[in-house]
Amino acid sequence: MNLRRDVFQAIADPTRRAILLLLASQSLTAGAIASNFDTARPTVSKHLQILTECELLKQEQTGREIYYHLNPNKMKEIADFIEPFRQMWDDRFNKLESIMKNYQSKK
C-alpha cells in the first residue's frame, strides 16, 4: 500500500522549508542542495524524496543530472489554504490597532 505524504507534514520540517526557500530562485541538483546543509547527503536525499512525493518539488533530468524545482501549483494550494487564516489575523490586528488608537486619543 503506497501512502501519500501530507504536504503540511512535509513543510513542518525546518530543513524541508529551507530546501523550498533555496529552490524558490533556481533549480538545483541534489548535490548542490546538499552542499548548503551540514547533514549527510542521504539525509538531504530523504528530504527531497518527501518533498517530491508531496508534489512540492518536480524533478527534471538534464543529461546525467536531475534538477529539482518548485511546483508552483502545489505551492499555490498551500497559499490558498493559509489565506483565510492570514486575512482573519490581519482583521484582528487592524481592530486591535483601531482600539489602541482610540484609547490613545482619549488620554
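Trainee: Which residues have the most contacts inside the largest nonpolar core?
Mentor: I19, I33, L56 and L57 do, in a core of 19 residues. A nonpolar core here is a set of buried Ala, Val, Leu, Ile, Met, Phe, Trp, Tyr and Cys residues joined through side-chain atoms within 4.5 Å. Buried means under 20% relative accessible area, exposed over 50%, and partly exposed in between (1.4 Å probe, protein chains only).

Trainee: And which helices each supply at least two residues of this core?
Mentor: Those are α1 (7-11), α2 (14-23), α3 (30-34) and α4 (41-53). The biggest giver is α4, with four residues. Helices (H or I, at least four residues) and strands (E, at least two) are DSSP runs, numbered from the N terminus.

Trainee: Before we go on, what kind of model is this?
Mentor: This is a predicted model: local features need pLDDT of at least 70, side-chain atom pairs count only at pLDDT 80 or more, and totals for chains, interfaces and linings use all residues. Residues are numbered from 1 along each chain as its sequence is written, and side-chain values use heavy atoms, with hydrogens and water left out.

Trainee: Good to know. What does I19 touch?
Mentor: Not counting residues up to four places away in sequence, I19 touches I33, F37, V44, H47, L48, L51 and L57. Contact means heavy atoms within 4.5 Å.

Trainee: Let's take I33 from that list. Is I33 buried or exposed?
Mentor: I33 counts as buried, at 0% relative accessibility. You'll find I33 in helix α3. With residues up to four places away in sequence left out, the contacts of I33 are I19, L22, L23, L28, V44, L48 and Y68.

Trainee: How far apart are I33 and A18?
Mentor: Their C-alpha atoms are 9.9 Å apart in space, and the two residues are 15 apart in sequence.

Trainee: What caps the N-terminal end of α2?
Mentor: D13 does, with a side-chain oxygen 2.8 Å from the backbone nitrogen of T15.

Trainee: Now the sheet. What's the strand order?
Mentor: The order is β1-β3-β2, in an open sheet of three strands with antiparallel pairing. Two strands pair if DSSP finds at least two bridges between them. β1 (28-29) and β2 (57-62) are the edge strands, each pairing on one side only.

Trainee: How many bridges join β2 to β3?
Mentor: Six, and β3 (residues 65-70) runs antiparallel to β2. The bridge partner of T62 in β3 is E65.

Trainee: Switching to aromatics, how many pairs are there?
Mentor: The count comes to three aromatic pairs. Rings of Phe, Tyr and Trp (its six-membered ring) pair if their centres lie within 6.5 Å; planes under 30 degrees apart count as stacked, over 60 as edge-to-face and the rest as tilted. The rings of F8 and F81 have centres 5.0 Å apart and planes at 55 degrees, so that pair is tilted. F8 is in helix α1 and F81 in helix α5 (residues 72-106), so the pair ties together parts that are 73 residues apart in sequence.

Trainee: What about W89 and F93?
Mentor: W89 and F93 form a tilted pair, 6.0 Å centre to centre with 40 degrees between the planes. They are four residues apart in helix α5, so about one helical turn separates them.

Technical notes
Polar contact = N/O pair within 3.5 Å; in protein donor to acceptor, adjacent residues only side chain to side chain.
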